[in-house]
Amino acid sequence: MALLELSDVSVHYGRIQALCGITLTVEQGEVVTLIGANGAGKTTTMRAISGIRPLSGGRIRFQGDDITRLRADLRVVRGISQAPEGRGVFPGMTVQENLEMGAYARRDKKSVPEDFDRVFALFPRLAERRSQVGGTLSGGEQQMLAIGRALMARPRLLLLDEPSMGLAPQFIQQIFRIVTEINEQGTTVLLVEQNARQALTRAHRAYVLETGRIVKSGTGAELLADTSIKEAYLGVA
Ligand code: ATP
């Protein structure tokens, strides 16, 4: 049984159809990436999975259960946690408080201190800044905080929407290394990225979205070697 299964999922914004019946799976333990041009529907797919955006067709299963109509906060309780595009840290709260917010839905509060340690080990820079307010962190630090906050929910499935967006090259490398590390620690990851080469290098499998449809899928290595993918997404003619 797949951890996550989308079957024929459609999403509309008013009259605009952003997703036109997409089908995909994420298996336990995988890093799966979604790549595609601007406006292809990547963020919409993440919103459909996290429950922020209702479906106009199709169904979503998580651990075999139909969650198509489950409220977003209850999906967090089940183990789906999203670090949103645009970061969304709470600007007036400290690093520590932001991370505490990530743990709000946890039932096992006793292990929260352990998870602080885990997040601070992954992101030492956050440890140094734990009493600084979120709004004064640099862009890269806010991105780390958003990922750290999502991890505080101890998710089974971590949804990462463009974690490298707007980051300097050395931060981009670091973020991708951390994605691999998070996965090796046992968290399944669905990753949306513009940075297709890095994403395909890190991912076990990938799906390519074009104008709301999945046009290709395969292992990261297969898609890295695919001529049409190279031309369209990897900047290689
Ligand atoms: P990007 O890489 O630019 O972030 P994306 O692949 O994440 O793009 P989405 O943000 O999912 O794309 O958008 C898919 C389509 O849905 C686009 O045509 C977009 O204009 C449209 N769309 C997204 N959000 C809304 C909204 N709130 N209202 C109307 N249309 C929307």
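The model is predicted: local features need pLDDT of at least 70, side-chain atom pairs count only at pLDDT 80 or more, and totals for chains, interfaces and linings use all residues. Residues are numbered from 1 along each chain as its sequence is written, and side-chain values use heavy atoms, with hydrogens and water left out.

Glu 222 belongs to helix H9 (residues 220–224); helices are DSSP runs of H or I with at least four residues, numbered from the N terminus. Between Glu 222 and Gly 92 there are 44 Å in space, C-alpha to C-alpha, and the two are 130 residues apart in sequence.

The ligand is surrounded by 14 residues, each with a heavy atom within 4 Å of it. Gly 39, Lys 42, Thr 43, Thr 44 and Gln 194 are the closest. Helix H1 (residues 42–50) contributes four residues, the largest share of this shell. By class, the shell holds four nonpolar, six polar and four charged residues, where Ala, Val, Leu, Ile, Met, Phe, Trp, Tyr, Cys and Pro count as nonpolar, Asp, Glu, Lys and Arg as charged, and the others, Gly among them, as polar.

| Residue | Distance from side-chain N or O atom to ligand oxygen |
|---|---|
| Asn 38 | 2.9 Å |
| Lys 42 | 2.8 Å |
| Thr 44 | 2.5 Å |

Of the 640 Å² of accessible area that the ligand has on its own, the protein covers 64% (Shrake-Rupley method, 1.4 Å probe).

Methods. A polar contact is a pair of N or O atoms within 3.5 Å; within protein, one must be able to donate a hydrogen and the other to accept it, and residues adjacent in sequence count only if both atoms are side-chain atoms. Helices (H or I, at least four residues) and strands (E, at least two) are DSSP runs, numbered from the N terminus.
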